[in-house]
Structures are given as structure tokens and as C-alpha cells.
Amino acid sequence: MKKILFTLFLFFRISSLSAEDFDINTLLQDYKKESSLAKQTKKDTSGLLYLYTREMLEKMQARTLKDILKTLPGFNLYRVGNMLTITPSGNMPFFATSIRIFVNDHDMTSSFRGSSYLLWSDVDLDYIDHIEVYKGTSSIAFGSESAPIVIKLYTKNANREIGSKARLLFDTRGSLHTSLYNAQRISNDFAYFAYGHIDNINNKKYYKYANNQSYQYSSDKKTYNFYANFIYKKTTLELGAIKSKEDAFVGYGIQATPEVAYVNKEQLYFHLTQKLAQDFRVQLSLDHITHTLNTIDKSGVFIVDAPPTTIFNPKNDDDVYSITVDKTLKSQKNRLTVGAFYKYKEFEFTKYNHALVANALYYSSIYAEDVYLLTENIKFVGSLRYNNLQYKKEIQKEKQFFYKTGVNYKDRSWDIQLLYTHSYLTVPFIDYYNPFRASNVAKDLHTPTADIYLTSVKYHFINKDDLSLSIGKRNIKDPIIYNPQLGGFLNLNGYTGRYTFAELTYLHHFNQKNKFDITFYDTYNYTEKLFSPKWGINTRVFNSYKKFDIYNELIYKSSYKDVVTQSHLKASYDWTAAVKYHVTKDFSLGLKGENILNKGLKQAYKNTPSSYPLIEQKFWLNMEYLF
Amino acid sequence: MKRLLLLLLTPLISFAYIHNAEREICTQLLSAIFQNKKVIKVYSTCPEISQNNTTDSKIILVDTPKKADLIITNKYIDIQSNKPIFVRKYYLLKKYKKRAIGGFYWQKGRPNIIFEGKNLKKFNIILPDNFQRFIEYAPEE
């Protein structure tokens, strides 16, 4: 009897494999999954990685990068002036050069601002295949300037997208988001991918009543985005142009009573990658970036060394030219990457008082990273980088020496990573040439150093579930802060800003198409001062049922007392849900609700009547058509 | 004990297979095209199809198109043979429109399989029932 039962069991086990797993449709789905581009690009030894695969982005019905940033554990969305950025939970906003956003290998950073938030933190994602966010990295592996946080957006691949796709979304406030792309392979050697996007986003307006007048807080925006890549043999040419006009919400006035408040932003870029021999690349790129702020506020914008100004309309024009070469040498035990870049960065900045300042940076860097396989399970990683920064005038030249060391143990059950990075947070031009000063350059500023320690332990259960714990610590020596009373940006010499975080994540796969994860995180900034919620819980559920894709996300953030405004902000619950119905293989209809409970994260501003949500309560209708 | 080992190994077998879905698809396609052949001779320009990684022993790689029952290609080449062609890139269906019996390629962001009905007839190829849904007929020009 036992034998019969056993034989029957074995038969059903094997027949279930034959009937289900070996079905050609299942095979095609498996093939799609196993050949995901994310598997080719992710760098396991470069820091704590948060990966958003194409499948996840599609189920999430992700529209812009903001949809991703708000789900990152240990970060909070934060509006600085009119820039949407992320800030480490509880802590003061990141130093501008702490985060870099890349589209493929192109660094989007503005030379004047030292960041790319202004244009890229809310960029549309319809041309993006997958997203990698690295925390605690020195970015040596990415071949560009260093930053502890690196956000890599990888565009869709022309070879895989052959055909066209149109996407159209409307929301309950009359917003429109539309995009179209086309990809073709023309011959053995030539393929292209071209993408265009337009949006007109309306958000809820808020009002302040003062001086018998009503002042409107608006965050509406209009964006035009174009991207194309052309692949000819071993040459890839990328072209991009993005233009946006965005309302500047509460503006910059002392009493937050804006009469006019918007910013025009524009970036044009070109990136050429030439593979010369095996694993040897040369990259050339150039950027032109313009930001123009237009604000009028009769209460005046505070100027550090002059009376307040009612008209505040600074403008910066940036140009960045760069050449990068790198080569990867592989042997049985080693993977050594060596590289160098040279960048020329210049800017012209027109201050609110029409004073024109300009400067340029000659930036050269050489770097090397070696991954050494000690055994099949253990690998060591070591990186070195030497930077030489020379300014055209006024600012002293600087030399920086980075290093990173780490060890990774990986087997079927365990994935353990220890990393230590010593890096620098290069001072951006905006800190030297403070827009809120009438004159003078802050020549005394010097570059803070950052020491980052990271430990991550992941356990893979036999049923493919994962349990992971990550703990990190970051020490920033001589951090730069903004203190208007003391003249603007200044180093806190001799002070070390310390910050610790811990994250516990459990990932459960119901099956190949259905999964759920939950992350609990907490942070400590070694002071009593909180700039945003310090801890939280993120939960995501990805489901597929027949022709439906369903996504749910609940983000809880703790209550806190904001040190800037002294406001008490309640704990927040941001529930996002998305349902997509695949009418055919090529046409889908979706519904998405953002901040459905209207209890999502809020931010307080000085001299405003209330605190305001960073994600509006909205409902979107989403249509996607492939042809 | 042996039974227990077999039970434990069954999911491992399926796991190993999952990581080779592309190879498995290619093998299944060849078996479907040549249902009754004991030996299938293939000329391939694709690195993923080589003698070392076919899972089916009846598939033999040959070094010239003339010796082959089927030519599998991922690039446009001047093929001096009248054998049926199976393509690994979409644009090659048009390039070899008179001889391409089908393709397995990426299009619209996903892998696709297609068979050209007219060319299947031309080469007297009959597909099994579970592959009939992949047959399409190109419009007359």
C-alpha cells in the first residue's frame, strides 16, 4: 500500500512538473524572468541594494520616480524649497552631493547644485526598465563621482522592445500623463529606442489668508521629456532633453505668502559609449542644465547679508563635459576594474540682485576595484579612488582619497555582507555661492568626510522566503550646515554627525507571481532633534490572478516633533493600491489610488497655517497599449 | 532512504530546469518542428544553441547550412542553402520572408514565438496541436 501511495505521489509530482512547468507559456514566463536585465546590471558588493524590477514597476503602475522613492525603507520624502528629495529618516536633509541619480551610466547631477533632485526626483518612468538604489556605497563601481546613495535608472533595451507602446493616464484632479516609445532593429548592426513624454499634473491647492489677501500654495507641474538611444555595433549614443515648469508651493518668503512662485528647469544631454575591446569602454558626455526660479513675495525672502528681497529669481546655467575610460580584467579568482575620468564643470549664476558669478571645476579621478573570490562562497572587495579637484578661481584645490573594503559570504541559505567605506561629500558650488547672500563666496568651506559601516545578513529559506537584517552607521566629519544667522553655509569643524539605522525585512513568495514583503526600520541620529519620522514599517503585496495584476502598499511612519517648525506631526499611513486588467496581451486598463486614506506623510513649513501631504490623495486611470 | 532522496531531488530537478528556460524552449521548438525525426541537424549562429548545452541528444549541430535540416540565426547572413530558417530576431522574419518558418525573439518587451503558416506548408512541416496557436499567416503583398 505504501509503495502504491509513494508511486502515486511521485507520479503526480512529476506529472505536475510536465503539465505545468514544461508548458511552453510557463517556459516563456520563466525565460522572461530569468533573463531580466536587472540580473545583468546589479552589483551585489556595492552596498545595500533595493531593486525594483520591471515586473514590480509594471505591477505597481509606477508613474514617476517619486512612487519609488516613497517606498524606500529608512528614507522620507522631503521638500526643500521647490525640490522634492529624500531625507534619511529622522535626520536633517541629505547633503546635496550625498545622492546621485543616473540614467544608465549618465550622471544627472547639476554642477552648480551638486544634486539632480530638481529635475529627476519626479521623472517619468515609462522608458525605464528597472531601478537599483544602493545605500552605503562609494559608487566606485559606477565609474562616476562618489556618493553614499546611488539611484540607477536603466532604460528599456531597444533589442527587447521592438515595436511601440503608448501609455495614457488621467487622475481625479484632471491631470494628464502620456508617453509613447518606439524601438526597432534595422539591421544586424543598428537598433534604436526613442521615447517622448508629456505630463500636466494638477495637485490640490492650499491657501493662506493674511493681510486681507489669499495666497495659494500650488505644486502643479508640466513636463516634456525626450530620450533616445542609437546602437551601432559597439557604439551607443544616448540623447536626452527634459523641460519642466513646476510651481514652488510655499515659495521662499519669510511669511510664506507667495504671489508668484514657480521654477523653469531644463536639461539637455548627450552620452556616447564606445566599447573598444573586450570590457574596455570609453564614454564621452555633455550636459547643459538651466534652472530659473521666479518668485515674488511681499513679506520678502531672507537674505543673509542684505535686506529681504520681494523679488527672488536666481538663475543657474551649467555645463558639464566628461570623458571616462574603464577596463575590467577578469581571471578565475579576480575581477579587477580600473578606470579614470576627467570632467570640466562650469556654471554661471545670476543672483537675485542680478549679480553674475561664475566658476569652473577641473575634476580628475582614477579608481580601481577588485573583487577577489577566496572560495566559491567568500569574496572580498576592495576599492581605491583618488580625486583631484581644481577650481578656476576663488576656491582652493582639493585632493581626495577614497577607499572601500568588504567581504561577502554567500551560499544557498546565507548572504552576509560587511562593508566599510571612507568617502568625501564634495561641496557643491551652491554652498560656496549661496543664493541667499548678496555677495561674497564662502571660501572657507571644506569637504566633509564620510565613514560608512554596513552589515547585512540575509537568510534564504528552502521555500524561497528571505529574512534579512541590515545595520549601518555613518559618521560625517565637519558636516556643512545652513545657518542664516552665522552667514549661510558653514562647516561644523571638529563635530562628527553620527547616524545609525537598522532594517529587518521578511519576504514571502506565495508562488512565482505572488509575493509579499514587510520591512521594519528604525534610526538614531544621536540628538533629540527630528526633521522627519525616525522609524516606520513598509509593506508591499504583489499579486497576479488570471488577467489581473494587483499591488498593495502600506507605508507607516512614526509621529514626530519637527525641529524646524516645532510642529507635532501625527503618525502617517500611506496606502497605495493598483489593479491592472490585461484585456489582451497588448492592451491593459488600470486603476491606481495614491494615499487612499489621505493619512500619508505630511511636512510642516515655517509660517504656514498647516502641514501638507507630500503625496496627494489621488486616483488614476491607466491605459497601456503595445503595437 | 533512496525514495526520500528521490523526493528531495524532484524539486531540485525542476529548479535546475528553470534556470535554463531558453535552452528548454529551443529544444521543445526543434522537437515540435521535426516530430518524426530521430536526428535533427541544426546549423546555428546563436551562442545559446551549441552542442554543449542542448538537452536533447537527437539534436546535432552541423558546420554548414547545406548539411542542416534547419538553420537558426540571430543575424542576417547570406545563406547558400534552401533549408528552412528559424530566426532569433524579429526583423529577420522580413529579411528571410520566403524561407523563415518562424521565430523566437524579443518583441514589445517580452519573448515571443511565431510560426509562418505559408512557409511551414512550403517545407511540409506540421506542428503538434499545442503549437498550432503560434501559427500566423502573413498578409499577401
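**Entry 1: A:K33**

I started with A:K33, which sits in helix α2 of chain A; helices here are DSSP runs of H or I with at least four residues, strands are runs of E with at least two, and both are numbered from the N terminus. This is a predicted model, so I kept its limits in mind: local features need pLDDT of at least 70, side-chain atom pairs count only at pLDDT 80 or more, and totals for chains, interfaces and linings use all residues. For my own bookkeeping, residues are numbered from 1 along each chain as its sequence is written, while chains are lettered from A and ligands numbered from 1 in the order in which they are written.

The cut-offs are 20 or more other C-beta atoms within 10 Å for buried, 12 or fewer for exposed, and partly exposed in between, with C-beta atoms placed from the backbone. I also checked A:K33 against A:I430: they are 397 residues apart in sequence and 44 Å apart in space, C-alpha to C-alpha.

**Entry 2: the domains of chain A**

Chain A is divided into domain 1 (1-34) and domain 2 (36-626), with bounds from an automatic or database domain assignment. I looked up the centres of the two domains, taken over C-alpha atoms, and they are separated by 43 Å.

**Entry 3: where α2(A) meets α2(B)**

Next I followed helix α2 of chain A (residues 24-34) to helix α2 of chain B (residues 21-33): their axes come within 8 Å and cross at roughly 145 degrees. Axes are lines fitted to C-alpha atoms, for helices over the stretch in contact, and angles run from 0 to 180 degrees between N-to-C directions.

Which residues make the contact? From α2(A) I noted A:I24, A:L27, A:L28, A:D30, A:Y31 and A:E34, and from α2(B) B:A21, B:E22, B:E24, B:I25 and B:Q28. Contact means C-beta atoms, placed from the backbone, within 7 Å. These residues divide into six nonpolar, one polar and four charged. The classes are Ala, Val, Leu, Ile, Met, Phe, Trp, Tyr, Cys and Pro as nonpolar, Asp, Glu, Lys and Arg as charged, and the others, Gly among them, as polar.

In α2(A), I found A:L27, A:D30 and A:Y31 buried. Seen down the axis of α2(A), the buried residues fall within an arc of 100 degrees, so they line one face of the helix; the arc is that of the directions from the helix axis to the C-beta atoms.

**Entry 4: two positive phi values in chain A**

A:K233 is not a glycine, yet has a positive phi of about 50 degrees. I located A:K233 in the loop between β13 (221-232) and β14 (235-247), and it counts as exposed, with 10 C-beta neighbours inside 10 Å.

A:F249 also has a positive phi of about 50 degrees without being a glycine. A:F249 lies in the loop between β14 and β15 (258-277) and counts as buried, with 24 C-beta neighbours inside 10 Å.

**Entry 5: chain B and B:L70**

Chain B has four helices and seven strands, in the order α-α-β-β-β-β-α-β-β-α-β. I noted that 26% of its 141 residues count as buried.

B:L70 is in strand β3 (residues 70-73) and counts as buried, with 23 C-beta neighbours inside 10 Å. Leaving out residues up to four places away in sequence, B:L70 touches B:I33, B:V42, B:K83, B:P84 and B:F86.

Notes:
Contact = placed C-beta atoms within 7 Å.
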